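My notes follow in the order in which I looked things up.

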Amino acid sequence: MLHGARASGRRSRRSSSWLASFHQGLARLADVEIVDPPQLSLVTFRARRRPGETPSAWNARNEAWMGAINARGRVILSSTLLETAEGPAFTLRACVLSFRTHRDRIDALLEDAPAALAQANDAAGRGTGGHRG
């Protein structure tokens, strides 16, 4: 259990490091758009929109991706709708500041995300969750 300013500061520094690691791991996924740089303890991201994909199909694919990650039971992501030029976009959120978050959960999310994205893409009828170089 954490008590006092010193422990809180250690936890905050650790969480910042985990957040940076998660951000870097996401950046290696070719089909992932990081919506904004990490802020405080939050990373917002979504699958890149495919050419010709309707906003509703894109949102459904992102919702399916989050569902596939959460169904694995190793991490639980939340979501929000963020405005784009064509309307609201379903956006996944990972928050790493919780006292229950540990490095192994970040690693689990980075392991689960590509397979879950491939699953969502397959359910949408095409594509894979490939990696960037």
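I checked burial first: phenylalanine 22 is buried, and phenylalanine 45 is buried too. Buried here means under 20% relative accessible area, exposed means over 50%, and partly exposed lies in between (1.4 Å probe, protein chains only). The model is predicted, so to speak of local features I need pLDDT of at least 70, and side-chain atom pairs count only at pLDDT 80 or more, while totals for chains, interfaces and linings use all residues. Residues are numbered from 1 along each chain as its sequence is written, and side-chain values use heavy atoms, with hydrogens and water left out.

**Aromatic rings.** I paired rings of Phe, Tyr and Trp (its six-membered ring) if their centres lie within 6.5 Å; planes under 30 degrees apart count as stacked, over 60 as edge-to-face, the rest as tilted. The count came to two aromatic pairs. Phenylalanine 22 and phenylalanine 45 sit edge-to-face, at 5.7 Å centre to centre with 70° between the planes. Phenylalanine 22 is in helix α1 (residues 4-27) and phenylalanine 45 in strand β2, so this pair ties together parts 23 residues apart in sequence. Phenylalanine 45 and tryptophan 65 are also edge-to-face, at 5.5 Å and 75°. That pair joins strand β2 to helix α2, 20 residues apart. Tryptophan 65 is buried as well. I therefore noted Phe22, Phe45 and Trp65 as a cluster linked by ring pairs.

**Fold.** I listed the elements as DSSP runs, numbered from the N terminus: helices are H or I of at least four residues, strands are E of at least two. The protein has three helices and four strands. Their order from the N terminus is α-β-β-α-β-β-α. Buried residues make up 37% of the 133 residues.

**Sheet.** In what order do the four strands lie in the sheet? I read β1-β2-β4-β3, an open sheet with antiparallel pairing. β1 (32-34) and β3 (78-84) are the edge strands, each pairing on one side only. The twist averages 40° from one strand to the next. I called two strands paired if DSSP finds at least two bridges between them. β3 and β4 (residues 87-95) pair over seven bridges. Serine 78 has arginine 93 in β4 as its bridge partner. Helix α2 (residues 55-71) lies across β1, β2 (42-47), β3 and β4, at about 20° to β4. Axes are lines fitted to C-alpha atoms, for helices over the stretch in contact, and angles run from 0 to 180 degrees between N-to-C directions.

**Proline 88.** I found proline 88 in strand β4. It is partly exposed, with a relative accessible area of 39%. Leaving aside neighbours within four places in sequence, proline 88 contacts Asn59, Leu81, Leu82 and Glu83. Contact means heavy atoms within 4.5 Å.

**Helix α3.** A kink of about 30° lies at alanine 113, shortly before proline 114. The bend at a residue is the angle between axes fitted to the seven residues ending there and the seven starting there. Glycine 125 follows α3, with a positive phi near 110°.
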